[in-house]
Every structure is written in C-alpha cells, then in structure tokens.
Amino acid sequence: PQVDASIRHAPLVESAAVSLEPVKLGANPKTDVVLLSLNTFNFDPHVENPNRVEDPRSDVSDDIGEERHLALADAILRCDSLPSAIVWQEMQKDDGTELTSTMTADKTYNAVLDPVRERTGKDYQFRYLMEHWTRSGGQPGGNIHLGFAWDPEILTPISDPIALGMD
C-alpha cells in the first residue's frame, strides 16, 4: 500500500503520566498495515556540553548511557506484529539541547532504529519534519522533531521528502 503521511505540529497544552501495555491485535503482516505511535520524550544520542545549554542542571543528559535507545527499540519489538510504520514524537536534533544551529536528527533516529534493524533484518526508513531553529519545542535548544519511519517492504510513501522539510 501507499501512504500519504502529513505531519502537523501543535504545541502541547497539557501532559499526563501514562502506562503503556502492548495490545495484541492479531494483525496479519501480509495484509494489514500496523501503525505505532511513539513519544520518545526528548530522546537524543548526544551528551550535551554544559557550556552550550540553557540550564546545565536539567539540559544535559546521556540517553545512550541510560540505554533509552534500547528501551525505545524494545517498545517497537514488543508489538504483536512489527509495525509497518512508526509515527515519532519528540525526537531531538542530533546534538540534543545544545544551543547550536544543528537541525538534523538522522543520528537520533538511527540510534533507535539500528537495534531494531539488527534484530529483525527490517530496513526501516525515516523522514522527519525539520523546522527552522528555535529555542522552543519541548526542551530549550532541543528542536524536537516529528516524523515517521516505515518498512519499505510494506509501504511506499507518496509524499516527496521535500514536502516534509528534508533536503
């Protein structure tokens, strides 16, 4: 199947703690499209330099050292059927909350997808919405990205990556 994926950005006005449990839908991977929505809670693969963030006490993290990428990959792998597509929320730019002009998030996405690729052999592809640099967006300097990943054996995006802000 082909999927027209549009991404819209809307600021959150409320937040709440949630507990997620896997749901067994009995999906048939040969005929059904399985979508997973995943909030990464400001994940990035970079340990920030305290001199390049707004607040060194709260804006420096080691998500890789804390194995958050593996926990996110495990959330994908725990699905009853591997997702045909994953809709991402709150993936940070490659250098996390550092106040730099970096806008790319390829390292961030690959940090989560590589363990999934290694364990499944699935070559998930991804695209993300790359907005202009701003101090807003989740965590100051983090420039959180919205995006999606897909299994190219199952889905073919019909939207041009340029339409999603990709070069």
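A search of the whole structure, a predicted model, identified 8 salt bridges, a salt bridge being a side-chain nitrogen of Lys or Arg within 4 Å of a carboxyl oxygen of Asp or Glu. Side chains of opposite charge can pair when their charged atoms come close. Residues are numbered from 1 along each chain as its sequence is written, and side-chain values use heavy atoms, with hydrogens and water left out. Local features required pLDDT of at least 70 and side-chain atom pairs were counted only at pLDDT 80 or more, whereas totals for chains, interfaces and linings use all residues.

One of these salt bridges joins Asp-63 to Arg-68, with the closest N and O atoms 3.1 Å apart. Asp-63 is found in the loop between α1 (56–59) and α2; helices (H or I, at least four residues) and strands (E, at least two) are DSSP runs, numbered from the N terminus. Asp-63 is buried, at 3% relative accessibility, while Arg-68 is partly exposed at 21%. Here buried denotes under 20% relative accessible area, exposed over 50%, and partly exposed the range in between (1.4 Å probe, protein chains only). Leaving aside residues up to four places away in sequence, Asp-63 touches Asn-42, Phe-43, Asp-44, Arg-68 and His-69, a contact being heavy atoms within 4.5 Å.

A second pair, Asp-114 and Arg-117, forms a salt bridge with an N to O distance of 2.7 Å. The two residues are 3 apart in helix α3 (residues 106–120) and are therefore separated by about one helical turn. An α-helix has 3.6 residues a turn, so residues three or four places apart point the same way. Asp-114 is partly exposed at 32% relative accessibility, whereas Arg-117 is buried at 18%. Together with Asp-123, Asp-114 and Arg-117 are linked in a network of salt bridges.

Asp-151 and Lys-122 also meet in a salt bridge, at 3.0 Å from N to O. Asp-151 lies in the loop between β5 (145–150) and β6 (156–157) and Lys-122 in the loop between α3 and β4 (125–128), so the pair ties together parts that are 29 residues apart in sequence. Asp-151 is buried, with a relative accessibility of 2%.

The largest nonpolar core comprises 20 residues, and those with the most contacts inside it are Ile-76, Ile-86, Trp-88, Tyr-109, Val-112 and Leu-113. A nonpolar core is defined as a set of buried Ala, Val, Leu, Ile, Met, Phe, Trp, Tyr and Cys residues joined through side-chain atoms within 4.5 Å. At least two residues of this core come from each of β2 (35–43), α2 (68–77), β3 (85–91), α3 and β4, and α3 gives the most, with 5 residues. Apart from this core lies another, of 5 residues, among them Phe-148, Trp-150, Ile-154 and Leu-155. Beyond residues up to four places away in sequence, Leu-113 touches Ile-86, Trp-88, Tyr-124, Phe-126 and Ala-149.

In α2, His-69, Leu-72, Ala-73, Ile-76 and Leu-77 are buried. Viewed down the axis of α2, its buried residues fall within an arc of 145° and so line one face of the helix, the arc being that of the directions from the helix axis to the C-beta atoms. The buried residues of α2 pack against β2, β3 and α3.

Gly-147, in strand β5, is buried at 2% relative accessibility. The C-alpha atoms of Gly-147 and Trp-88 are separated by 5.1 Å, although these residues are 59 apart along the chain.
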